[in-house]
Amino acid sequence: QVQLVESRGGLVQPGGSLRLSCAASGSIFNLVIMGWYRQAPGKERGLVADITNSGRTNYADSVKGRFTISRDNAKNTVYLQLNSLKPEDTAVYYCYARNIDSFRRSYDYWGQGTQVTVSS
């Protein structure tokens, strides 16, 4: 089992910034992908950004140029820097990780979610 612990989100004014972090612990073998998803009320959960263990990144079109994902492999931690926040970024943000074990079996894990609210 792998546990994902996210930092607290918060209330931010439009145009503001916020940094989220997510630390993985437990039976980690190879966290091939770590990332962030979000879910707004009445909408499906969707990808915000993810990053491979080699540093390759992938972003949703809606956040390109505003959000930056990074990771510290030594700390098994992924970060999401949210800049130029808009009200439509309001959502619960979930950390995600895919762990590959020694038998090359793949397991997906989710954090508990953290609320980000963008409002004046």
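**Entry 1. The chain as a whole**

What pattern does the protein chain follow, read along the sequence? I read it off as β-β-β-β-β-β-β-β-β-β-β. I am working from a predicted model. I counted 11 strands and zero helices in the protein chain.

Next I looked up the dimensions. The C-alpha trace spans about 50 × 25 × 25 Å along its principal axes. I then checked the radius of gyration. The protein chain has 14 Å, and a compact globule with 120 residues would have a value near 14 Å, so the two agree.

I also noted burial: 42% of the 120 residues count as buried. For contacts between residues at least 6 apart in sequence, I found that 54% join residues at least 24 apart.

**Entry 2. The four-stranded sheet**

I went to an open sheet of four strands. Its order is β1-β3-β8-β7, and the pairing is antiparallel. The edge strands are β1 (2-6) and β7 (67-72), each of which pairs on one side only. On average, neighbouring strands here are turned by 15° against each other, direction ignored.

Five bridges link β1 with β3 (residues 18-26), in the antiparallel sense. One pair I wrote down is Gln 3 with its bridge partner Ser 25 in β3.

β7 and β8 run antiparallel and are joined by six bridges. Here Ile 69 has Leu 80 of β8 as its bridge partner.

**Entry 3. Side chains along β7**

Phe 67, Ile 69 and Arg 71 point to one face and are buried.

**Entry 4. The nonpolar core**

I looked up the largest nonpolar core and found 30 residues in it. Trp 36, Leu 80 and Tyr 93 have the most contacts inside this core. The elements that give two or more residues to it are β1, β3, β4 (31-39), β5 (46-52), β7, β8 (77-82), β9 (91-100) and β11 (114-118). In soluble globular proteins, nonpolar side chains tend to be buried together.

I listed what Leu 80 touches, leaving out residues up to four places away in sequence. Among them are Leu 18, Leu 20, Val 48 and Phe 67. Trp 36 and Tyr 93 are on that list too.

**Entry 5. Arg 38**

Is Arg 38 buried or exposed? I placed Arg 38 in strand β4. Its relative accessible area is 15%, so Arg 38 is buried; the cut-off is under 20%.

I then searched for polar partners of its side chain. The side chain of Asp 89 makes a polar contact with that of Arg 38, at 3.0 Å. The side chain of Tyr 93 makes another with Arg 38, at 2.9 Å. Tyr 93 had already turned up in the core.

Beyond its neighbours within four places in sequence, Arg 38 is in contact with residues including Glu 44, Arg 45, Ser 62, Phe 67 and Glu 88.

**Entry 6. Loops on either side of β8**

I started with the hairpin of β7 and β8, which has four residues between the strands. Ala 74 lies in this loop. Its relative accessible area is 73%, which means Ala 74 is exposed. I checked its separation from Gly 42: they are 32 residues apart in sequence, and 37 Å apart in space, C-alpha to C-alpha.

Asn 76 is in the loop between β7 and β8 as well. I noted a positive phi of about 50° for Asn 76, although it is not a glycine. Asn 76 is partly exposed, with a relative accessible area of 24%.

Ser 84 was my last stop, in the loop between β8 and β9. Its phi is also positive, near 50°, in a residue other than glycine. Ser 84 is partly exposed, with a relative accessible area of 40%.

Terms used. Residues numbered from 1 in each chain as written. Predicted model: local features only at pLDDT ≥ 70, side-chain atom pairs only at ≥ 80, totals over all residues. Heavy atoms only, no water. Pairing = 2+ DSSP bridges. Axes fitted to C-alpha atoms, helices over the stretch in contact; angles between N-to-C directions. Core = buried A, V, L, I, M, F, W, Y, C linked by side-chain atoms within 4.5 Å. Buried < 20%, exposed > 50% of the residue type's maximum accessible area, 1.4 Å probe, protein only. Contact = heavy atoms within 4.5 Å. Polar contact = N/O pair within 3.5 Å; in protein donor to acceptor, adjacent residues only side chain to side chain. Rg over C-alpha atoms; globule rule 2.2 N^0.38 Å.
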